[in-house]
Amino acid sequence: MNMKFSLTLAALVAFAAPAAMAATIVVDDFTTPGAVFSNGGGNPDTAAFAGPGILGGERYMWVSTDTFPAPAFGTQFEASGGGLNFTNGTGARGQAVLVYDGPGTPATTTPFTFKDLPQPPFASSTSADIPVNVTGLGGVDLLAVGGTTASTKFSFELNSFDAGGSLDFYAYAFDQSGRIATYFENLTNPGGQISFSTDLRLDQFNDPSGIDWTDIGALAFAVESRTFEFDGAIGSISVVPLPASAFLLLGGLGGLAGMSSAARRRRRRQA
């Protein structure tokens, strides 16, 4: 290998490495346990759980069940042992919401409403109204992870997803001024083949108000089962950088190749 090429390649790799090694923000590693269960005796069911491994120190959990043949067959949302399980009992479909907006009673709230409901609806028309403290996280800088919305993503560690299952997924980000960015996707697993990505880039959010990704005050995630008796689980939620080093390296190698070709052409002309 040409020595100049080798040194330039080494410098390029050194330049690319810091982007790939940017810090990760753990939203929830689900080592702090907590569960909510909704059936005929309590719909919806809500609770807050404080502990380590949670962004802002506290996780708010909400669950509701649409239909169930008996009180024992509802919808359960449970964090335990480093995983989060969403389980619908026999003949049941349901919804679940996670909110990360710091501990305690919200000082500044904005309405969070799970609006896009299939039939049958929730048990109560107001059951999906959840107060969110839009300043609760104190202004988390998500762009410190990847640098831009295109190079920063939420990463969901997928543990299981029912074959043939269909699940609506929602994500919400609030900045401290109360502006909100949203994301929706229907997730399916036809024939046991996962048809969706477990990564969600920040630039994939619907963001008409232009939220400040460097000043995030709250995050929320919601799911709704479209198929009966759906079961699924994730291992963690984190904010991570896209692997930029590979793209930088490829781009750099392309540029180096062009430089090398130009140098060969110059040498031929001089000869």
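Colleague: What makes the link between the side chains of Lys153 and Asp199 a polar contact?

Modeller: A polar contact is a pair of N or O atoms within 3.5 Å; within protein, one must be able to donate a hydrogen and the other to accept it, and residues adjacent in sequence count only if both atoms are side-chain atoms. The side chains of Lys153 and Asp199 are joined at 2.9 Å, so the pair falls within the 3.5 Å limit. This is a predicted model, in which local features need pLDDT of at least 70 and side-chain atom pairs count only at pLDDT 80 or more, while totals for chains, interfaces and linings use all residues. Residues are numbered from 1 along each chain as its sequence is written, and side-chain values use heavy atoms, with hydrogens and water left out.

Colleague: Why is Lys153 called buried?

Modeller: Its relative accessible area is 10%. Buried means under 20%, exposed over 50%, and partly exposed in between (1.4 Å probe, protein chains only), so Lys153 counts as buried. The residue belongs to strand 10, residues 152-161. Strands (E, at least two residues) and helices (H or I, at least four) are DSSP runs, numbered from the N terminus.

Colleague: Which residues is Lys153 in contact with, leaving aside neighbours within four places in sequence?

Modeller: Contact means heavy atoms within 4.5 Å. On that basis Lys153 is in contact with Asp199, Leu200, Arg201, Ser238, Val239, Val240, Pro241 and Leu242.

Colleague: Is Ser151 buried or exposed?

Modeller: Buried, because its relative accessible area is 18%. Ser151 sits in the loop between helix 2 (143-146) and strand 10. Its side chain makes a polar contact of 2.8 Å with the side chain of Thr148, and a polar atom of the Ser151 side chain lies 2.5 Å from the backbone oxygen of Gly146. Beyond four places in sequence, Ser151 touches Gly146, Val240, Pro241 and Leu242.

Colleague: Why does Thr75 count as buried?

Modeller: Thr75 has 0% relative accessibility, which is why it counts as buried. Thr75 is in strand 5 (residues 75-80), and a polar contact of 3.2 Å links its side chain to that of Asn88.

Colleague: How many cavities of 30 Å³ or more does the rule give?

Modeller: One. On a 1 Å grid over the protein atoms alone, a cavity is a set of points where a 1.4 Å probe fits but cannot get out; lining residues have an atom within 4 Å of a point. The largest cavity holds about 390 Å³ of space. Of its 28 lining residues, Leu167, Phe169, Leu187, Val223 and Ile234 are the closest to its centre. Elements that give two or more residues to this lining include strand 10, strand 11 (166-175) and strand 12 (180-188).

Colleague: How do the residues of that lining divide into nonpolar, polar and charged?

Modeller: There are 21 nonpolar, five polar and two charged. Ala, Val, Leu, Ile, Met, Phe, Trp, Tyr, Cys and Pro count as nonpolar, Asp, Glu, Lys and Arg as charged, and the others, Gly among them, as polar.

Colleague: What is the phi of Phe30?

Modeller: Near 60°, a positive value in a residue other than glycine. Most residues other than glycine have a negative phi. Phe30 is in the loop between strand 1 (25-28) and strand 2 (34-38), and counts as buried because its relative accessibility is 0%.

Colleague: What makes Glu229 partly exposed?

Modeller: Its relative accessibility is 38%, so Glu229 counts as partly exposed. Glu229 lies in the loop between strand 14 and strand 15, and its phi is also near 60°.

Methods. On a 1 Å grid over the protein atoms alone, a cavity is a set of points where a 1.4 Å probe fits but cannot get out, and a pocket is an open set with protein on both sides within 12 Å along at least five of seven lines; lining residues have an atom within 4 Å of a point. Grid points are joined across faces, edges and corners, and a volume is the space filled by probe spheres set on the points.
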